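Thanks for coming. Please have the sequence and the 3D view open.

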Amino acid sequence: MEWYDKLAPSYDELYGEEQVKKYGMALSLEEVLRKDLVLDVGCGTGLFLEFLGNRSPPAFYVGVDFSSGMLSFRKRSKEVAHDYVLADAEFLPFKDSCFDKVFSITVLQDSLSAERMEGEMMRVSRGAIVISVLKKGRFEMKAEGKLREAPIQGTKDRFLVTRIEDK
């Protein structure tokens, strides 16, 4: 958390372009509709909100991050009703099945318990879940049976997707 708090002022400048590319890829796997309630797990500064507002605005967006530093630089949108929550992705403070779409872009590999975080995303979703994880590094999916790998090329991430009816 401390690393992200320190990185927050320059995060968008350093990683924004790559993240925006991943958002486009995520939306090629699961379209966001105007009626959707969207959860962004590990939202950082809220770049995904900005991206959605410019391209595919949902009914409501909630960004969750455990870094107060990142959230202090959070984006705002006139196009999308939104809110941000300071919380741990392994213990999401939401009721079961309350979001239509759940996205988590390049976050899961940093979790202490990827299986717990994945379970929480499954719990709060009533629709689809799109996750990206770094191809390189220490991370391996343990609960990947619930997710299918999506054939996306051109990024440093692997994309995994599921729909609740697929569970």
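This is a predicted model. I begin with the lining of the largest pocket, whose residues divide into 19 nonpolar, seven polar and eight charged. In total the lining holds 34 residues, and those nearest the centre of the pocket are Tyr4, Thr106, Val107, Gln109 and Asp110. Which of them gives the most? That is H2, with six residues. As for volume, the largest pocket has about 750 Å³ of space.

Now the overall layout. The chain has five helices and seven strands. Read from the N terminus, their order is α-α-β-α-β-α-β-β-α-β-β-β. The chain is 167 residues long, and 54% of these count as buried. If you take the contacts between residues at least 6 apart in sequence, 65% of them join residues at least 24 apart.

Next, the aromatic residues. How many aromatic pairs does the structure hold? The count is six, and I will show two of them. In the pair of Tyr23 and Phe48, the ring centres are 4.8 Å apart and the planes make an angle of 40°, which puts the pair in the tilted class. Tyr23 belongs to helix H2 and Phe48 to helix H3, residues 47-55, so this pair ties together parts that are 25 residues apart in sequence. Both Tyr23 and Phe48 are buried.

Phe48 also pairs with Phe103, this time edge-to-face, at 5.0 Å centre to centre and with 65° between the planes. Here the link is between helix H3, which holds Phe48, and strand S4, residues 99-105, which holds Phe103; the two residues are 55 apart. Phe103 is buried, as is Phe48. Put together with Phe51, the residues Tyr23, Phe48 and Phe103 make one aromatic cluster.

Staying with H3, which of its residues are buried? They are Leu47, Phe48, Leu49, Phe51, Leu52 and Gly53. An α-helix has 3.6 residues a turn, so residues three or four places apart point the same way. The cover over the buried residues of H3 includes H2, strand S1, residues 37-41, and also S2, S3 and S4.

On to the strands. S4 pairs with S5 in the parallel sense, over six bridges. Opposite Phe99 you will find Ser125 of S5. Strand S5 spans residues 125-134, and eight of its 10 residues are buried, so S5 is largely enclosed by the rest of the structure.

The last item is a lysine. Lys75 sits in the loop between helix H4, residues 68-71, and strand S3, residues 81-86. Is Lys75 buried or exposed? Its relative accessible area is 16%, and the cut-off for buried is under 20%, so Lys75 counts as buried. What does Lys75 touch, leaving out residues up to four places away in sequence? The list is Asp12, Thr45, Gly46, Leu47, Leu49, Glu50, His82 and Tyr84.

Methods
Residues numbered from 1 in each chain as written. Predicted model: local features only at pLDDT ≥ 70, side-chain atom pairs only at ≥ 80, totals over all residues. Heavy atoms only, no water. 1 Å grid on protein atoms, 1.4 Å probe; cavity = no way out; pocket = protein on both sides within 12 Å on 5 of 7 lines; lining within 4 Å. Points joined across faces, edges and corners; volume = space filled by probe spheres on them. Helix = DSSP H or I, 4+ residues; strand = E, 2+ residues; numbered from the N terminus. Nonpolar A, V, L, I, M, F, W, Y, C, P; charged D, E, K, R; others polar. Phe/Tyr/Trp six-rings, centres within 6.5 Å; stacked < 30°, edge-to-face > 60°. Buried < 20%, exposed > 50% of the residue type's maximum accessible area, 1.4 Å probe, protein only. Contact = heavy atoms within 4.5 Å. Pairing = 2+ DSSP bridges.
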